[in-house]
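Okay, hi everyone, thanks for making time.

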Amino acid sequence: MPTRSTSGTESTTRVIHLVWPLAALFVCFFVLSGTMDSATRILTTIGYACASFIWWRLSVVVSGKLPAAVAKPEVRDLLAIAVVAPVFWVAGQLIAMAILLAVVAVPVYIWFKIRSARKYRGTAPEPGDVWWAAVAFVEDAGTVKDRPVIIKSVRPDEVVAFYVTSQAKESRHGFTPLACASTWDPAGRQSWAKYSETREIPLANLRRFGASLPSGEFQRLCDLHAGAVGTRPNWA
């Protein structure tokens with residue numbers, strides 16, 4: 001039995017294939033208008049607009065596969081439209097959710113990439129740099145303070161850093177005064193580094209670049225750290 005290779009060749013069926021997707025979208029938009037806010041309605045309508053194109057193309061294919069002796073061309077087209085109708089509703093929801101996911105996920109992804117690869121003047125944190133970072137208190141991990149730290153080493157997602165303070169620590173074991181000027185401190189105060197212990201800080205917690213220690217000063221700090229007793233990941 002002969003079959004049609006195409007559908008909608010007559011003027012009536014062409015009108016059907018052109019008008020029904022628009023009519024479906026029109027009805028869908030107004031049916032949804034009272035059940036959701038404007039942004040969600042627009043997003044859902046875009047999803048259904050894409051789904052209507054899929055519905056239209058599939059109905060043309062299905063209609064073309066129906067035997068010519070089944071019924072008139074208009075009836076075959078309407079039958080194909082009805083058969084493929086579930087695709088419209090399922091695809092519309094899936095496309096709308098995909099658009100929503102993209103709208104939310106892309107900015108979040110970009111924000112995390114910027115946060116995790118924060119740079120200063122095109123240079124990533126390097127050993128010997130002084131950076132201001134959000135550092136959690138040892139006594140209360142939920143409380144953080146913006147303070148300078150000296151980068152000892154850099155890992156894929158974090159840095160190992162020395163504690164830096166402007167409070168005098170002459171009598172405190174494990175601290176050494178920095179011989180270089182504290183150019184990262186707005187007041188230029190003398191700074192002390194705690195060489196006996198280090199701390200892991202996520203790259204995302206690095207706020208801004210402060211300065212770079214002279215190579216000799218950084219090496220002295222690393223040597224003191226290597227010779228310290230009882231080194232552990234977190235400072236006290």
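So, look for arginine 220 and glutamate 217: their side chains meet in a salt bridge, at 3.0 Å from N to O. By salt bridge I mean a side-chain nitrogen of Lys or Arg within 4 Å of a carboxyl oxygen of Asp or Glu. Before I go on, this is a predicted model, where local features need pLDDT of at least 70 and side-chain atom pairs count only at pLDDT 80 or more, while totals for chains, interfaces and linings use all residues. Residues are numbered from 1 along each chain as its sequence is written, and side-chain values use heavy atoms, with hydrogens and water left out.

Why are these two about one helical turn apart? Because they sit three residues apart in helix 4, residues 215–227. Helices here are DSSP runs of H or I with at least four residues, strands are runs of E with at least two, and both are numbered from the N terminus.

Now, buried or exposed? Glutamate 217 counts as buried, at 9% relative accessibility, whereas arginine 220 is partly exposed, at 29%. The cut-offs: buried is under 20% relative accessible area, exposed is over 50%, and partly exposed is in between, using a 1.4 Å probe and protein chains only.

There are five salt bridges in the structure. One of them joins lysine 194 and glutamate 197, at 3.7 Å from N to O. Lysine 194 is buried at 7%, and glutamate 197 is buried at 6%. Another pairs glutamate 158 with arginine 155, with the closest N and O atoms 2.7 Å apart. There, glutamate 158 is partly exposed at 25%, and arginine 155 is partly exposed at 38%.

Back to helix 4. It has 13 residues and reaches 18 Å from first C-alpha to last, close to the 18 Å expected at 1.5 Å a residue; that expected span is 1.5 Å times one less than the number of residues. Which of its residues are buried? Glu217, Phe218, Leu221, Cys222 and His225. They're on the same side of helix 4, because they cover an arc of only 135 degrees around the axis, taking directions from the helix axis to the C-beta atoms. On the face turned away from that buried side, you'll find the exposed residues Ser215, Ala226 and Gly227.

What covers the buried side? That includes strand 2 (144–154), strand 3, strand 4 (175–177) and strand 5. Leucine 221, for one, touches Ile150, Phe162, Thr176, Ala193 and Tyr195, leaving out residues up to four places away in sequence. Touching, or contact, means heavy atoms within 4.5 Å.

Leu221 also belongs to the largest nonpolar core, which has 16 residues; Ile150, Leu178, Trp184 and Leu213 are with it among those having the most contacts inside. A nonpolar core is a set of buried Ala, Val, Leu, Ile, Met, Phe, Trp, Tyr and Cys residues joined through side-chain atoms within 4.5 Å. Helix 4 gives the most to this core, three residues.

Last, confidence, or pLDDT, which is the predictor's confidence in each residue from 0 to 100. The protein's mean is 75, with 72% of residues at 70 or more. Strand 3 is highest, at 92, and helix 1 (residues 11–32) is lowest, at a mean of 59. Over residues 1–9, pLDDT stays under 50, and likewise over residues 231–236.
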